[in-house]
Amino acid sequence: MDPAVVARLHNFYWSLGTVAFIVVGSYLVGRLAQGVAGARGAGVLQRRRVFWGYALVSPWLIGFVIFVVGPALLSLYYSFTDYKLGRSIEWIGLENYKTLLGGLGAQGRRFMQAMYNSFYYALVGVPLQIGTALAMAVMVAQPLRGMPFFRLVFYMPVILAGGPAILLAWRYMLASNGGFINVSLQRFAELIPPFGWLYRSFIFAVESFNAFFIGVTRSDPVGPLMYVLPALLGVLVCAALAFGSAEATRRQVARTVVEVLGAILVVVLGVRAITGGSFVPHVLERLGTFTDLLTQRTSVREAGSLDYLRTGFAEHAASPLWLLGLLVAACALVGYTRLGDGGRKWLFGGVGLLFGLLALGSTVDGVRYFQAFDAASAAAGTANHHFSLFRQVVAQFPDANRVPLWLSSELWSKPSLVLITMWSSGAGMLIFLAALKGVPRSMYEAASVDGATGWQKFFRITLPMISPAMFYNVVIGLIAALQTFESVYIIQNTQTEQSLASAAYFLFVRTFRQLEIGQGAAASWILAVLIVLLTVAQFRYSRWVHYE
Amino acid sequence: MSDVSVVSKGGNAATAAAHAGGAPGQERRRVFWRRGGKATAVTLFYAVLIAACIFFLFPVAWMGGTSLKTIDEVSQAQLSLFPETPQWSNYTKQLGERNFYRAYGNSIYTVLVVLLGTVSSLTVVAFAFSRLQWPGRNVVFALMLGTLMLPAQATLVPQYVLFYELGWLRTFNPITLPGFFAGGASLVFLLRQFMLTLPRELDESAAIDGANPLQMLWLIILPLSRPAIATVTVFLFVGQWNNLVQPLLYLQKAELFTMPIYVAQKNNLQESPIPWHDIMTASVLFVIPVLVIFILTQRYFTEGIALTGSKG
């Protein structure tokens, strides 16, 4: 008989056995619960209720023990061992976690790279995906003819994107040499010169961004530039708290800042404890001064040697950590005390200004830092590998023959994946649509009477009203970004595998290809903790999103 | 056309009309840029929509077009969607392959077993959570919702070890059997929410007639819950038909491959030029059931997502 038929029959018998097992098991669980209830002195009717309730919920209850609780506990145990399938188990304590979280050795570096990639999907992919979903939802919500058809078409990619077939079609279309997308883009660029210019700018922008990101993931030091983004974020928060109007919202934002920064601090200290780092970061010993805000790292200009630039910065630079402390203190003041309006504006105006100075100073000094790298490399007579890919890409604007190397270059592999996720963002669209239905018509009418324009209505009414849906989509999107697997599995090749690998893909390769169960389990628990943190954050902060 | 009556009740005109889909009732239609009534704006709007449609539909069309090309056509630089002469023989060749038949059969078999097992156990469990009163129900329910937080990755590894120890690698058991244990807390939740909306009196009158809970479920709740069960079924079908991870981990033998792996491994052939027409032929045959089911049951998708999503 055909082996497939044999396997199906085998499975069929097992299925019957499983059904029998569940029926008998459910009956026994029901009887057991009934017995317990009886021992506690429950009446006949109550005992009957207990029996039926527990018996009928047992299919899930039994599966919960066999497939969730048991495995979860086992995997926690494995994560502290060096278990490899078919070998004996040895307890190695926190070793796996040290390797992965500390980025030690080849595997640790791969894990860190996978986390960076997931971070990329979350940072770049999720906003693009949500933007697409929102745009589609707003369009389809218009009361015009034919919208159900468009809704159908926009949602269709979702049911296909989970399977390999359409991913393969994308892979074929995105072939860099002679693939449909590149050939038609090229043709367009030749036909319409302005489009050609736009097209090359697009190539330039994507390549520079990705080259920079690759530089960061290779842990090339960025020097003072690392303060720019947090500083800008600080400016934003301060502006919101200084000029934001609603008192309740303000307090919530301030409390959120305190809590989130506190949580980050706990996580960072926890990771440091596991990887054996010092509990007190060095930066605490070298808090910067006010003048450091403008010239972040005066020592940068003085330092000539390459070694100093590579490692010395983190060792010797003054850190503006006190500014963060100031922000937390100010937020605590606003969040937990009643502070006057004037005082609050001065306070956050001042702190925001300091953050602005930090951003400016860090940018200027960042440029100096990179120049120092060049000078030091030249003096040492070696090539400067510091962000070499980035500088190579930025050095010249693409000429007319350049095409995006979608799936064959690490500069384009992640953008390709993001493109495919944008294509399948219809699930988010449906959630936005459901939320849009909930916005009362009378609000728009009242706004029209007041003479509001369409855009004003969108930003002042629609967006705040659907913010819960937005938040739901963001959290779901972030979790999905961490768990990206199928698309990576299908579109990767040997050149792009490392630059595409998500956390889930790393876990798959480590566990099921290389059978390193112990390390795979540790990676899965790191991922699990991250996802639980995200979900908790959702429950914690989903309420204030609604502004009610 | 009950949707139209919703509009006339003065409810949410915009969304109700979007729901009714071009239902008559011209005078109630309003667009937010309507002031001045610009026909050009509407035309432009449709142009954007149609462009978006092309973006979303193109990969599917491309798949279909490629599946009818010759090997020479697929190895050239690509600019035309359709072949010069459609090669229907690609399909006859694909349908003549033994492993393709096996994979298709395996997919249909596993999907059927998973649907049967999961839907029946889900219904029973959702019934216990919604229509029965028993001490400890809220605790167990909270426990179940808690599993929504636990990512699949946390249990993937030891489950593999469990099935390895049971000797179930290279069998269908790891793919089909977990479903029998009401797999998927979100689907239980969806069904329970629906069953809660059914009137209480139904159970009471049945209880007076001396029916036990199983009879109540079978005779009263099940027939009334059909729409929700259909929603759950189509979700499960699409998820299972596309399921790549579990089969990839456990099947490991060409005769046992389900369609997702069969299609995926066609891509790994070290052939040059890559036989894209062949890969796409298999892909089209793989995608057809999902597309057909989706088009026939699309309203269950939209309703189901609204049910789960709006609770966030």
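In chain A, 48% of the 548 residues are buried, where buried means under 20% relative accessible area, exposed over 50% and partly exposed in between, found with a 1.4 Å probe and the protein chains only. The model is predicted, so local features need pLDDT of at least 70 and side-chain atom pairs count only at pLDDT 80 or more, while totals for chains, interfaces and linings use all residues. Residues are numbered from 1 along each chain as its sequence is written, chains are lettered from A and ligands numbered from 1 in the order in which they are written, and side-chain values use heavy atoms, with hydrogens and water left out.

Chain A has 24 helices and zero strands. Along the principal axes, the C-alpha atoms of chain A fill a box of roughly 85 × 65 × 60 Å. The accessible surface of chain A is about 25,700 Å², and carbon and sulfur atoms account for 68% of that surface; such areas come from the Shrake-Rupley method with a 1.4 Å probe, and for residues only the protein chains shown count as cover. Of the contacts in chain A with a separation of 6 or more, 74% are between residues 24 or more positions apart, a contact being heavy atoms within 4.5 Å.

Chain A is divided into domain 1 (3-78), domain 2 (98-176 + 406-546) and domain 3 (223-386), with bounds that come from an automatic or database domain assignment. The C-alpha centres of domain 1 and domain 2 of chain A lie 36 Å apart. Four residues from domain 1 of chain A and five residues from domain 2 of chain A take part in the contact.

The interior comes next. A nonpolar core is a set of buried Ala, Val, Leu, Ile, Met, Phe, Trp, Tyr and Cys residues joined through side-chain atoms within 4.5 Å. The largest one has 213 residues, and those with the most contacts inside it are F154(A), I159(A), I166(A), M429(A) and F129(B). Helix α4 (residues 105-140) of chain A gives the most to this core, contributing 15 residues. Apart from neighbours within four places in sequence, F154(A) is in contact with residues of chain A, including M136(A), M139(A) and M429(A), and with residues of chain B, including L49(B), C53(B) and F56(B). A second, separate core has 19 residues, among them A231(A), V257(A), V258(A) and L323(A).

Nonpolar residues also occur on the surface. M1(A), V5(A), V6(A), L9(A), F12(A), Y13(A) and L16(A) form a nonpolar patch there, with about 700 Å² of accessible area together. Such a patch is made of residues with over 30% relative accessible area and no salt bridge; nonpolar side chains (Val, Leu, Ile, Met, Phe, Trp, Tyr) are joined within 5 Å, and like charges within 9 Å.

A salt bridge is a side-chain nitrogen of Lys or Arg within 4 Å of a carboxyl oxygen of Asp or Glu, and the whole structure has ten of them over all chains. One is formed by D2(A) and R98(B), whose closest N and O atoms are 2.7 Å apart. D2(A) lies in the segment before α1 of chain A and R98(B) in helix α6 (residues 98-130) of chain B, so the pair joins two chains. D2(A) counts as buried at 16% relative accessibility, whereas R98(B) counts as exposed at 54%. D2(A), R98(B) and R102(B) are linked in a network of salt bridges.

Within chain A, the side chains of E207(A) and R402(A) meet in a salt bridge of 2.4 Å, N to O. E207(A) lies in helix α8 and R402(A) in the loop between α15 (388-395) and α16 (413-423), so the pair ties together parts that are 195 residues apart in sequence. E207(A) is buried at 5% relative accessibility, and R402(A) is partly exposed at 29%.

Helix α8 (residues 193-217) of chain A also holds N210(A). N210(A) is buried, with a relative accessible area of 1%. Not counting residues up to four places away in sequence, N210(A) touches Y120(A), L411(A), K414(A) and P415(A).

Definitions and conventions. Helix = DSSP H or I, 4+ residues; strand = E, 2+ residues; numbered from the N terminus.
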